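Thanks for coming, everyone. I'd like to walk through one structure today. Let me put it on the screen.

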Amino acid sequence: MKTRILGKDLTVSAIGLGIMGMDHAYGKAADRGEMIELIRHSIALGGNFFDTAPIYGKANEMLLGEAVKGMRHQAVIATKFGIVGQTHSASGVENVLDSRPESIRKQVDESLRNLQTDYIDLYYQHRIDPNVPAEAVAEVMGELIKAGKIRHWGVSNAPIEYMAAAHAVTPITATENQYSMVFRAPEKALFAFCEANHIGFVAYSPLGNGFLSGRFNAQTQYAKGDFRRMMKRFSADVMTKNQPVLDLLHELAAAKSATAAQIVLAWELAQRDFIVPIPGTTKQSRLQENLGAMAVELSTDEVARINQKLDAMHIDETHF
């Protein structure tokens, strides 16, 4: 197993598995037995880092807990707090946020029950609550660490100023943000902040919600319940505009005897040694493909050339 260290001492597989799509956002829930088998197969293949959240559905946390029963010590579990519901309106979906200390304590206990465990390896604040100061949240995280309910904590999509304030109270182990060849915003300032403060970076949607796998095109029809139907990234005009990225990936994959997805993940790993991508899948073949990216080596010169080509492209970073 190839591993990386998040923060100062959380060791995880270099590539993890996001399990959101097993229940949330991509259509109907996947078969429970098959998903349990897939999660256990990930551990067998050397992928021990799993990401879930209550907002993906209570069943998502419960699925992960059931899958690692009897092998909990082999799994590194990340789940989240801070989003306690969603409202739907004509203008879209809005998260209901609650990071009050008393609410966090209830949320962590609920997650522990769902996961059938007595500790969470990495506990993220899913979205910041504008009504609760960063310092107050960090104080609660410190309490939960002392109580043994969580071992590390992190944030997701938090502003750097917020992270700095929280980190000064209880050190942050990782931040979880979107990062891929078609969404490179974290390179502008966040990577430097993470490096300076020994904070890991967990990359969700590393394959651009599947766009970078090359499995979709401007004519693809998405099933009911698949949120790609609503994502601007998958609109025909944006996909056509970003086609040069896929063309580059196919060229690189052929040269490396790898797949496009493996090149993307290898590229992410080569950007910084504190980056851990967490692609999601419900298929054994894709799991093996994704974890196989840990064996794809890109030299410093190759990464530099890829970055130069990406920099020269007019990539549309739209993702909603």
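Some ground rules. This is a predicted model, where local features need pLDDT of at least 70, side-chain atom pairs count only at pLDDT 80 or more, and totals for chains, interfaces and linings use all residues. Residues are numbered from 1 along each chain as its sequence is written, and side-chain values use heavy atoms, with hydrogens and water left out. Helices (H or I, at least four residues) and strands (E, at least two) are DSSP runs, numbered from the N terminus.

Two strands count as paired if DSSP finds at least two bridges between them.

Look at strand 4 and strand 5. They pair in the parallel sense over three bridges. Phe50 stands opposite Ile77 in strand 5.

Now an antiparallel pair. Strand 6 (residues 83–89) and strand 7 (residues 92–97) are joined by six bridges. They form a hairpin, with two residues between them.

On to helix packing. Helix 4 (residues 134–147) and helix 5 (residues 160–167) have axes that come within 8 Å and cross at roughly 45 degrees. That makes helix 4 oblique to helix 5. On the cut-offs, under 35 degrees is roughly parallel, over 145 roughly antiparallel, 65 to 115 roughly perpendicular, and the rest oblique. Helix 4 passes helix 5 in a right-handed crossing. Right-handed means the near helix is turned clockwise from the far one by less than a right angle, left-handed anticlockwise.

Which residues make that contact? Contact here means heavy atoms within 4.5 Å. From helix 4 come Ala134, Glu135, Val137 and Ala138. From helix 5 come Tyr162, Ala165 and Ala166. The residues of this contact divide into six nonpolar, no polar and one charged. Nonpolar covers Ala, Val, Leu, Ile, Met, Phe, Trp, Tyr, Cys and Pro; charged covers Asp, Glu, Lys and Arg; the others, Gly among them, are polar.

Next, helix 9 (residues 260–271) and helix 11 (residues 300–312). Their axes come within 11 Å and cross at roughly 105 degrees. Helix 9 and helix 11 are therefore roughly perpendicular to each other. Trp267, Ala270 and Gln271 in helix 9 meet Val303, Ile306, Asn307 and Leu310 in helix 11. The residues here divide into five nonpolar, two polar and no charged.

Now burial. Buried means under 20% relative accessible area, exposed over 50%, partly exposed in between, with a 1.4 Å probe and protein chains only. In helix 2 (residues 58–67), Asn60, Glu61, Leu63, Leu64, Gly65 and Ala67 are buried. Their cover includes helix 1 (32–45), strand 4 (49–51), strand 5 (76–81) and helix 3 (101–115). In helix 10 (residues 284–292), the buried residues are Leu287, Glu289, Asn290 and Leu291. Those pack against strand 3, helix 1 and helix 9.

Met22 is in the loop between strand 3 and helix 1. Is Met22 buried or exposed? At 0% relative accessibility, Met22 counts as buried. Leaving aside neighbours within four places in sequence, its contacts include Leu17, Met35, Leu38, Asn60, Leu63 and Thr281. Met22 and Asn60 are 38 residues apart in sequence and 7.3 Å apart in space, C-alpha to C-alpha.

Most residues other than glycine have a negative phi. Ser205 has a positive phi of about 50 degrees. Ser205 is in the loop between strand 11 (200–204) and helix 7 (236–241), and is buried at 17% relative accessible area. Ser257 has a positive phi of about 55 degrees. Ser257 lies in the loop between helix 8 (243–256) and helix 9, and counts as exposed at 70% relative accessibility.

Notes. Axes fitted to C-alpha atoms, helices over the stretch in contact; angles between N-to-C directions.
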